[in-house]
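Subject: Structure for your attention

Dear colleague,

Please find the structure below, together with its sequence.

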Amino acid sequence: MASGAALDICLTIMSYILTVGLNPALQKVLAFDRYRTDAVNRAVQATHIASGKGINVSRTLTLLGRKTVCTGVLGGPSGALIEEELRREGIHSAFTAISAMTRLCITLIDRQHGTTTELIEPSPTVTSSEVDRWVHAYESLCPWSNFVVISGTTPHGFPNGIYRRLINYAHKNKKRVLLDCGGPLFVDGASAEPTVLKCNEEEFYDALQTPRLGLTDLVKQAEKYVKGTTEWVVITRGPDPALFITKSNVYFATPPKVHAVNPIGSGDAVSSGIVIGLIDNKSEEETIKLGVACGTANAIISGPGIVKPSDVKNLQDEVLVKSRKRTN
């Protein structure tokens with residue numbers, strides 16, 4: 001999509017949450033009563049859905065009644081199917097077309113053992129001119145938004161420092177930013193001090209290039225990133241208590257115990273809840289409960305970023321939050 005079309009969306013919707021997901025995927029979900037390796041497996045259910053972290057965030061936000069625009073790059077038949085799916089779901093999108101094929105992700109669900117396996121194709125390669133066109137579109141969309149969420153990995157061809165550039169541009173336009181990624185992208189983006197810096201525990205270790213830490217040391221390392229315009233650091237830990245660090249407090253939020261159907265997209269749902277809490281000026285504890293409830297609500301439904309508002313509402317009271325004042 002060209003920047004002119006992106007501007008048309010701005011003028012039509014006005015004041016939306018902009019989600020950036022540069023590496024989307026067409027996700028095919030195959031459910032089996034039982035999945036076995038080295039054997040013929042016949043699925044009992046097959047669905048496909050537009051996916052990738054930015055799309056998942058937009059989906060959750062849309063289901064919770066928020067205006068959102070999702071942007072990134074799409075190419076080939078799989079990219080066309082993603083745009084078709086987003087239109088069907090009522091999710092506004094402003095993607096830039098690329099010549100390479102958008103990747104396919106296959107999710108295998110074993111119902112008997114309660115396991116989920118993901119098979120992900122390599123990322124496409126984007127040309128420098130395609131990168132420039134997308135950046136121009138982002139710069140058209142950003143000023144009209146009321147929050148920017150940047151999530152996930154980047155395709156081949158995007159330059160080092162791209163997340164830092166996007167965050168700095170958002171800051172220039174006085175926009176708050178949530179960044180959710182790991183590894184070198186986390187380190188690069190953190191240097192631009194987004195409002196919220198988020199990842200899961202494994203992604204954090206990848207960013208620090210360190211083995212697993214005890215909880216006390218994990219908190220100490222995470223606290224280092226709460227500085228300047230970074231007001232929150234969030235580290236999700238699956239069913240274990242998630243870590244939320246703000247300017248004043250350290251929080252440990254234990255998700256409700258549920259039967260997880262498909263946890264893929266739960267981290268993206270957490271991001272959505274945090275952003276809603278910040279936009280609505282909720283207290284820190286209310287924002288944390290909303291974020292964790294969104295993540296849990298996603299895990300009990302087979303689909304990335306899919307939540308039921310009634311589930312989110314009911315689960316909030318079941319999130320256990322413990323806190324202490326920061327000592328540094």
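Which handedness does the crossing of helix 4 and helix 5 have? The crossing is right-handed. Please bear in mind that the model is predicted.

Helix 4 comprises residues 128-141 and helix 5 comprises residues 162-172. Their axes lie 11 Å apart, and the two helices pack at an angle of about 25°. Since angles under 35 degrees count as roughly parallel, helix 4 is therefore roughly parallel to helix 5.

The contact involves Trp134, Val135, Tyr138 and Glu139 on the side of helix 4. From helix 5, Ile162, Arg165, Leu166, Tyr169 and Ala170 take part. By class, seven of the residues in this contact are nonpolar and two are charged, with no polar residues.

A second pair is formed by helix 10, residues 284-299, and helix 11, residues 309-316. Here the packing angle is about 130° and the axes are 8 Å apart. Helix 10 and helix 11 are therefore oblique to each other. Helix 10 passes helix 11 in a right-handed crossing.

In this second contact, helix 10 contributes Lys289, Leu290, Ala293, Cys294, Thr296 and Ala297. These residues meet Asp311, Val312, Leu315 and Gln316 of helix 11. The residues of the contact between helix 10 and helix 11 comprise six nonpolar, two polar and two charged.

With kind regards

Note on methods: Residues numbered from 1 in each chain as written. Predicted model: local features only at pLDDT ≥ 70, side-chain atom pairs only at ≥ 80, totals over all residues. Heavy atoms only, no water. Axes fitted to C-alpha atoms, helices over the stretch in contact; angles between N-to-C directions. Helix = DSSP H or I, 4+ residues; strand = E, 2+ residues; numbered from the N terminus. Parallel < 35°, antiparallel > 145°, perpendicular 65-115°, else oblique. Left-handed = near helix turned anticlockwise from the far one by under 90°. Contact = heavy atoms within 4.5 Å. Nonpolar A, V, L, I, M, F, W, Y, C, P; charged D, E, K, R; others polar.
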